[in-house]
Amino acid sequence: MHILSHKKNIPLVLAVLMSVTISIGGCNQQNPSTSMDAKSQQEQAMPEANVQAEKSEAGLSVLTTIYPVTYLSQEIAGEFGQVESLLPQGAEPHDWEPSPQDIARLEGADILVMNGAGIELWVDDLLASSNNKDVLVVDTSKNTELLEVQQENEMLGEHMDENDAHHDEAHELAHQHSAFDPHLWLSPKRALQQAEAIYESFIKADEQHKEGYTANYEALKAKLEALDKAYEEVMSKASTNKLVSSHGAFAYLAHDYGLENIGIAGINADQEPSPQTMAQLIDFVKAHELKVIFTEEFVSPKIAEVVAKESGVRLATLYTVEALSEEDARAGLDYYTLMEKNLETLSSSLL
């Protein structure tokens with residue numbers, strides 16, 4: 001028989017359905033204390049999970065020292081990590097010292113990227129003062145062969161009186177700072193090696209974003225290789241291999257591209273040469289028929305101006321790029337574009 005013909009059974013069916021519903025609901029009910037315990041456990045687990053999720057999403061927290069390694073780190077990290085420099089914009093790395101606030105900034109860092117080779121003499125104290133003993137310290141100078149300070153001054157030494165007190169003082173002062181020249185980044189070949197060291201540390205510390213770091217590193221590598229090739233092409237056509245500069249910051253550039261860097265003040269820009277040394281430098285410039293003496297953005301040009309005037313040559317400016325001035329930053333300049341400007345200056349001066 002059709003169920004709709006038995007309207008008198010409808011109340012009975014509804015009663016049965018209600019009974020079943022109540023029964024099912026009763027089976028699904030939990031003991032209040034058990035339910036609260038489970039909820040509490042979930043809430044306790046949530047903060048840790050959230051922290052891990054946020055860290056995974058944010059990628060690495062990277063602190064850097066001088067500008068060149070900051071630039072390289074930013075290029076490789078891209079959107080997959082936060083890169084901040086310890087040094088304020090335009091700060092002189094030789095003179096800067098970390099404050100308590102800078103030590104506190106290190107507490108939350110995964111990686112500290114440094115140039116190395118003695119330019120950051122304050123790093124050991126910074127690390128000793130920090131409670132973050134898990135931070136991965138990346139010394140980018142470990143990936144390359146360093147030049148000793150006395151090697152880069154060898155050419156100038158041939159034109160100086162070994163009995164000159166200023167000659168001995170210059171060497172002594174250089175050794176007080178570091179036995180090695182720290183200006184690696186001024187050679188694109190060395191910058192490539194520094195970039196590789198940074199890349200390897202990033203993928204070691206944050207495997208989850210390896211694909212992103214790799215893509216960024218390959219793009220940077222291609223840019224630096226193109227820059228290296230451009231430097232090789234220009235230097236191979238240079239009419240002279242002598243590069244006289246305010247101080248001996250360009251030893252790696254000279255070494256890697258077939259030049260000799262003679263620094264008026266040696267490795268340390270603050271060291272003034274003696275009158276006898278100045279006279280020898282003037283004779284050297286005249287004897288080699290040089291056209292240009294190079295000064296630098298953050299170094300006083302006064303001594304170089306004297307040598308240039310007495311030698312009858314002009315001055316040209318090269319960037320040491322160890323810091324990025326506020327003016328250069330506002331102009332949209334960076335490590336790569338400043339290195340291109342250096343190449344343009346060298347090309348117009350040495351060809």
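This short talk walks through one predicted model, from the chain as a whole to its core, its packed helices and a few individual residues.

Let me begin with the chain as a whole, which has 351 residues, 45% of them counted as buried. Its secondary structure comes to 15 helices and eight strands, and if we take the contacts between residues at least 6 apart in sequence, 70% of them join residues at least 24 apart. The chain exposes about 18600 Å², and carbon and sulfur atoms supply 51% of that area.

Turning now to the interior, I would remind you that in soluble globular proteins, nonpolar side chains tend to be buried together. In this model the largest nonpolar core has 53 residues, and those with the most contacts inside it are Phe202, Tyr231, Val321, Tyr335 and Leu346. The largest share of this core, eight residues, is contributed by helix H10, which covers residues 210–235. Tyr335 deserves a moment of its own: leaving aside its neighbours within four places in sequence, it is in contact with Tyr67, Tyr71, Trp185, Pro188, Ala191, Leu224 and Val321.

By class, the residues of the contact between H10 and H15 divide into 13 nonpolar, two polar and two charged.

H10 also meets helix H3, and here the axes come within 7 Å and cross at roughly 130°, so H3 is oblique to H10. In this contact Tyr71, Leu72, Glu75, Ile76 and Ala77 of H3 meet Tyr213, Asn216, Tyr217, Leu220, Lys223 and Leu224 of H10, and the classes are eight nonpolar, one polar and two charged.

Among the buried residues are Tyr67, Pro68, Val69 and Thr70, and their cover includes strands E1 (60–64), E2 (81–85) and E3 (111–114), together with helix H9 (188–205), H10 and H15. H3 is followed by Gly78, whose phi is positive, near 55°.

Ile103 and Leu126 are 23 residues apart in sequence, yet their C-alpha atoms are 6.3 Å apart in space, and beyond its neighbours within four places in sequence, Ile103 is in contact with Leu126, Ser129 and Ser130.

The other residue is Arg314, which lies in strand E8, residues 314–318. Is Arg314 buried or partly exposed? At 40% relative accessibility, Arg314 counts as partly exposed. Its C-alpha atom is separated by 6.6 Å from that of Lys291, 23 residues away along the chain, and, again leaving aside neighbours within four places in sequence, Arg314 is in contact with Lys291, Val292, Ile293, Ser348 and Ser349.

How values were computed
Residues are numbered from 1 along each chain as its sequence is written. This is a predicted model: local features need pLDDT of at least 70, side-chain atom pairs count only at pLDDT 80 or more; totals for chains, interfaces and linings use all residues. Side-chain values use heavy atoms; hydrogens and water are left out. A nonpolar core is a set of buried Ala, Val, Leu, Ile, Met, Phe, Trp, Tyr and Cys residues joined through side-chain atoms within 4.5 Å. Buried means under 20% relative accessible area, exposed over 50%, partly exposed in between (1.4 Å probe, protein chains only). Helices (H or I, at least four residues) and strands (E, at least two) are DSSP runs, numbered from the N terminus. Contact means heavy atoms within 4.5 Å. Ala, Val, Leu, Ile, Met, Phe, Trp, Tyr, Cys and Pro count as nonpolar, Asp, Glu, Lys and Arg as charged, and the others, Gly among them, as polar. Accessible areas come from the Shrake-Rupley method with a 1.4 Å probe; for residues, only the protein chains shown count as cover. Axes are lines fitted to C-alpha atoms, for helices over the stretch in contact, and angles run from 0 to 180 degrees between N-to-C directions. Angles under 35 degrees count as roughly parallel, over 145 as roughly antiparallel, 65 to 115 as roughly perpendicular and the rest as oblique.
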